[in-house]
Amino acid sequence: MSTAELNSSQRKSKYISMYETVTALEDQNASNQECLDVTHKVVKEAKQLVQEGGVDHRSKHPGEGLLDARVLHASSNLAKMCLETVDVNMHLYDKNQLAQHIKNKPDFWDFTYPLEVPAVSYLYGAGTLQVSLPSSTRSSQSRSRVVVQHAQMRVPKNVDKVQQIENGPELVSRVDHFIKKQYKLNGRRPLSYYSVVLDPDSFSKTVENIYYVSFLVHDGLVAVELDETYGLPFISPREAPRDNDGALHDNQMIMSIDMKMWKELIEVFQISKPLMVIKRL
Amino acid sequence: MSRQSQTESTRLFDNSVRQCVRYVFCREADKIPIKRSEILEQIAPEYRKKSKNVLVEVEKELKRVYGYKLVEIKDKDKILYIVVLDEACESPPSRTTDLLQKRILSGALTHIFMSGRPVKEDDMWSFLDKSGLLAEDNISGRKLLTQQFTKQLYLSYSKMGEGELARYTFDWGPRANHELPKKFILQKVAVAFGTDPACWSEQYKRTLQ
């Protein structure tokens, strides 16, 4: 009880300062938030002061009660002022309203973002850059390295052998030329078939040579004779027959060769280097 | 000899810059951030130590030729890069963009912005369902937001709170912040509802931040 009496003048001064604070704010152009904060604080403090004193104290010090009433009155005025300044037009976000709009007018919500890099898909193939993207399906634990290769434009140096089927006729004629030339060099004597076709370095080239020579034989550009002594084939060039019909159609040279035979032949004929060197593609 | 080696080193430098620019340009497409280390791999070994110099030139080149801006995003201890435009412009729509996906993203971002705070995922699913963008029972479709958009840094999907009260929330990711000005979104909303952007005072304040 004595503490309450000692504090009476202090309490009164507290009330007075609160009152002054609140009224000052009314005059100032403080923001709504600031006003409300102050009001909140002041009301709380006033409540506390009242609670400190008992009923007896309050009846003894009616002055405090008056001050308390004044403070509360000023605070409520301030709060009222705040409410009035709130913009009447202020909109509150209604998510359902937005959702409805998107549902009804989806096209309105299709837009590119102002600072978004637009997709220039038409350019992607033009780059001389191959990038493999880090796979999103891989687990995050596996290290995914992005491999970048600078693919340069290169003229193929080696054409696939498959294409030689198209260039067959050209090669056949090359073989034909070679045989003619060789025949002359050989003193116009028939050439040993095996010496011509065999290539000790390449079985496949040997097979190709046999293939081309067989065409020439079929077309009648090359004549084949079997040697009397050993039965070995000899070839010699001949003029192309004018008459396309005739017995020449039956002229075929069917040869079969495998690697074993090829090796044996090379050994027997002691062929160290190929005789027919023609330009293949 | 020294002059020759100087032009040779300049050539290496220029090549490194060019290679990095090409790399960034190609990688940019899927909007997944590029790791700094991935760009550095494009630099010739001789210049790896001077990567900063190379990157400065790369940024200049991207800006000069394409109008791109290389933005650095710090992710824990890594440095990531995203590519945005240097200046705002109204880009034409692209045939290769998935329109529905883009719409879902735009709807999500708008909802988050207008709400003024990160949106709880249940709220988001219900909103997208009401908008006709993503059916509420389409659980696998949700990966678009929780995984793809998150990876692309358009959205952030994070846990708020602890224990039983923990909820996942969606908020704008760094890419959205860079690519989409808040004012632009508010303007869109204002037009949609036939109001003035200033009417949305709370949201308007946010555009000024």
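This is a predicted model: local features need pLDDT of at least 70, side-chain atom pairs count only at pLDDT 80 or more; totals for chains, interfaces and linings use all residues.
Residues are numbered from 1 along each chain as its sequence is written, chains are lettered from A in the order in which they are written, and side-chain values use heavy atoms, with hydrogens and water left out.

**Where the chains meet**

Chain B brings 61 residues to the contact and chain A brings 40, with contact meaning heavy atoms within 4.5 Å. About 4700 Å² is buried between them, and carbon and sulfur atoms give 64% of that. Buried area here is the accessible area (1.4 Å probe) that two parts lose on being put together, summed over both. On the chain B side, B:Arg103, B:Lys188 and B:Phe193 supply 12% of the area that this chain buries against chain A, more than any other three residues.

Twelve residue pairs, both at pLDDT 80 or more, are in polar contact between the two chains. A polar contact is a pair of N or O atoms within 3.5 Å; within protein, one must be able to donate a hydrogen and the other to accept it, and residues adjacent in sequence count only if both atoms are side-chain atoms. The largest share of the side of chain B that touches chain A comes from α4(B), with eleven residues. Helices (H or I, at least four residues) and strands (E, at least two) are DSSP runs, numbered from the N terminus.

**Salt bridges**

Over all chains there are 16 salt bridges, each a side-chain nitrogen of Lys or Arg within 4 Å of a carboxyl oxygen of Asp or Glu. Three of these run between chain B and chain A. Here are some of the pairs:

| Pair | Closest N to O |
|---|---|
| A:Asp110 and B:Arg103 | 2.8 Å |
| A:Lys95 and B:Asp123 | 3.3 Å |
| B:Lys74 and B:Glu72 | 3.4 Å |

The pair of A:Asp110 and B:Arg103 goes from the loop between α6 (95-104) and α7 (121-124) of chain A to helix α4 (residues 99-115) of chain B. A:Asp110 is partly exposed at 24% relative accessible area, whereas B:Arg103 is buried at 16%. The cut-offs are under 20% for buried and over 50% for exposed, with partly exposed in between (1.4 Å probe, protein chains only).

Within chain A, A:Arg174 and A:Glu170 sit four residues apart in helix α8 (residues 168-185), about one turn of the helix.

**Nonpolar cores**

The largest nonpolar core has 38 residues, and B:Met124, B:Leu128, B:Leu145 and B:Trp200 have the most contacts inside it. Such a core is a set of buried Ala, Val, Leu, Ile, Met, Phe, Trp, Tyr and Cys residues joined through side-chain atoms within 4.5 Å. Helix α4(B) gives the largest share, seven residues. A second, separate core of 26 residues includes A:Leu221, A:Met253, A:Ile271 and A:Ile278.

**A hairpin in chain A**

Strands β4 (residues 222-226) and β5 (residues 233-237) of chain A run antiparallel, joined by five bridges; pairing takes at least two DSSP bridges. A:Glu225 stands opposite A:Phe234. Six residues lie between the strands, and A:Gly231 takes a positive phi near 75° in this hairpin.
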